[in-house]
Amino acid sequence: MEAKPNTIYRALDRKAAAITEFTMRQYRTKASTWVILGVGLVAISLVMLIYIDVMASGFESIDNDGDSLDPDNDGYPTGQELKWGTDPYMDNSHPGLLTPPIEPEPASNYIDEDGFDYSITGTSTRQTTGFDDDGDCYNYDGTSSRKDSNQNGVECDVLLVQDRYSGQWNVNPDLNVDEDPDDAAYVAEATHMAFVLGIGKMGFVLLLGMFLPLFLATGLIRDEMSAGTMHFMLAKPIARTEVFLYRILGYLGIVWPYFIALGILFALISGFMGPSDGLFRFNDLGVWLAIVFATMMASFVYGMLFCTMGVMWRYGIVLAIPFAAWELGMCLISMGAPDASILRFSVIGWALMIVDAAAVLVWPNMDMFLLQGTTFGNDLNSIQTSAFALDFFYSKPGVGSNGLISSVFATVVLLVQGALLWFIGGAIFKGKEIE
Amino acid sequence: MMPDFNQEGKGQDQAWQPDLTVPAVLLEGVSKSYGRIFALSNITMALNGGVTGVLGTNGAGKSTMFNLLMGKLKPSQGKIRLFGTDPWKNPAPYARVGFVPEHEKMYDWMTAHQFVSTFARLNGLTRAEAMVEADRVLNFVGLTDVAHKKIGQYSKGMRQRAKIAHALVNDPELIILDEPLQGCDPLARTTIMNVIRELGRMGRTVIVSSHILQEIERITEQIIILHKGRLLALGNLHAIREKLDQIPHRIQIEADNAKELAKDVIDLDDVSGISFPNKNNLSIQTHNLGAIHADLPKVIVENGHRVHTIDNPDDDLASILGYLTNGGGR
């Protein structure tokens, strides 16, 4: 039994692996573990079912400018009549009477015929951009002032003006420019991204990342102390801080694979259901990776925290609940104000920053996409609604807009938080008298 | 604070070596109080080698003393040393200690073999080494046949033996057993007592607690008597017994007419005194318990007395404690 070299494997095969394995098996034998994991699965799957239903039923394209209609019943849709300069309201005036006569186009040609095509280039706070795809502005038989309704001296353009205080862009297109975008495509895209971010942030990071530790990690040390079985472990030459750490490793050995499995499942479902050019939205995998990683990090820090609370007091879960409420509040704040400095005093603020950072990296055109959607039309329409939903869940990462730096920074902060809590929890456990 | 990177079970202090010049167990003026209640007060003793029985009623402080020795509790006053090291500050001495806690709760979902081998790895054994050691100790306590059955299906005696196997797996020099015989059937009792005696023969220091004098008597002669947190006696059981024999034994009889019975009993040779604790009770004092017990039935039957109970109150721990605390047991 002596004199074998102590390789890393042989070293870890001793105390650390023993307690970690033991803890994982202990979890597996408890019915409560399966109930909690099952409840988490059901809760998050319900949201996913809504997503599947929304995506499967599809989105309707709307003729936002009404030019697919044919009010004079001459067989030519309004858009085609406007293009050729005939009167859409007089059945004796239509492009078929021109020489050579023009064949009528199907009405569907005039639905979703003029999409968003403006963008911000350079740093100017006042930009003229955009293009009238269907020509119903350029060809409009009217005064120049009708073609330049935003009065910036350029016909048929989109005027972008940035507010010098808020930094918000004000979008002002000329009449009949970008007036009939593809609703179905926009709403599908926005809804999909809103769901991915919503399920990721609220479902994974908050619900699974916090409530699973609340119920699984609080009793990690406490239950053993109450039952008296901690005596078996502490009768061995092992420091209590080590027991604390290895018990946490065992807990992570249960919840991390669970998060990874759920993340893969959801990434597959949303990849196939979401709008994409091909069969699968590979693009989103980066966001899902960040969601699973953020959930793992959150569960690590919360596990340390709730386990410590369990050590502190027999009813540690009572201490944990106000904290969970605080974190829930911080989660909601991070949706609206991701750079609020109070978020620095939370765990979830940093975990969500990892998701935000990935979203910025994966969806670089998000700002323009949101600007187009939220400013489209005067009344609340499906594009605006989906854009506002996406805007709620999407946030710029709090420390700088560079996604990579933000995610690395947030990860380091979470690791430090976890290590600090291990230090505190271990010290409290060390000073605890066990009957 | 740092984890034990070499994982070899040397605890925090990697360079820990037992101090062989000091006894295995040393308590100096140790007290443990909860508020104003003293669970243990001013205990001083040193133990090294042999089997020592710790006697005391429930609440006498036996478990408190063991928990102090095992670093579960911090002494309010005094100094505790295991192999010269303070167990509250450093778990390293447990590499040489086996502890059987009194708690009944065990991991019912494990087999005894899993239980013993898993915790053996906390002593720094690898998985393979732990398997071999678990087989060895389970054989030693006689659980080989059922080693792969779930602990939940075990009888009380088998559970106690599994706990003992867990404590012995690191081949410890000091073994502490807290009420190992409690709740066991006679067969299990005998097995466990044999195991403890065997450990003593192997030269280990064994400390075993019980609240039943007869159990301890069958295991060892060296005893410690704890009462209400105080160390009442430390030494050879027979020496303590001899002291007890110097004072008269009592026989208590409850009869319809105690005074009439007393008249008949006083003629017996070995009666050295008679008293009446109350109207229907008669207390006989004697230095020869056996003779009185031989003669007493005849006296009662011949004179037609009605007797309800005959009791020897001095044969249990309580009377020894009474003698030691009050000098006479009355």
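How many helices and strands does chain B have? In this predicted model, chain B contains ten helices and 13 strands. Of its 330 residues, 44% count as buried. Contacts within chain B can also be sorted by separation along the sequence: among those between residues at least 6 apart, 67% join residues at least 24 apart. The mean pLDDT of chain B is 84, and 88% of its residues reach 70 or more. For the model, the scores are ipTM 0.80 and pTM 0.84.

The interior may be considered next. In soluble globular proteins, nonpolar side chains tend to be buried together. Here the largest nonpolar core has 171 residues. The residues with the most contacts inside this core are A:Ala294, A:Ala351, A:Ile354 and B:Ala165. One of these, A:Ala351, is in contact with A:Val205, A:Gly209, A:Ala294, A:Met297, A:Ala298 and A:Leu414, leaving aside neighbours within four places in sequence.

The domain assignment gives domain 1 as residues 8-59 together with 183-430, domain 2 as 64-113 and domain 3 as 126-173. The C-alpha centres of domain 2 and domain 3 of chain A are 25 Å apart. Between these two domains of chain A, six residues of domain 2 are in contact with seven residues of domain 3.

Conventions. Residues are numbered from 1 along each chain as its sequence is written. Chains are lettered from A and ligands numbered from 1 in the order in which they are written. This is a predicted model: local features need pLDDT of at least 70, side-chain atom pairs count only at pLDDT 80 or more; totals for chains, interfaces and linings use all residues. A nonpolar core is a set of buried Ala, Val, Leu, Ile, Met, Phe, Trp, Tyr and Cys residues joined through C-beta atoms within 7 Å. A residue is buried if 20 or more other C-beta atoms lie within 10 Å of its own, exposed if 12 or fewer, and partly exposed in between; C-beta atoms are placed from the backbone. Helices (H or I, at least four residues) and strands (E, at least two) are DSSP runs, numbered from the N terminus. pLDDT is the predictor's confidence in each residue, from 0 to 100. Domain bounds come from an automatic or database domain assignment.
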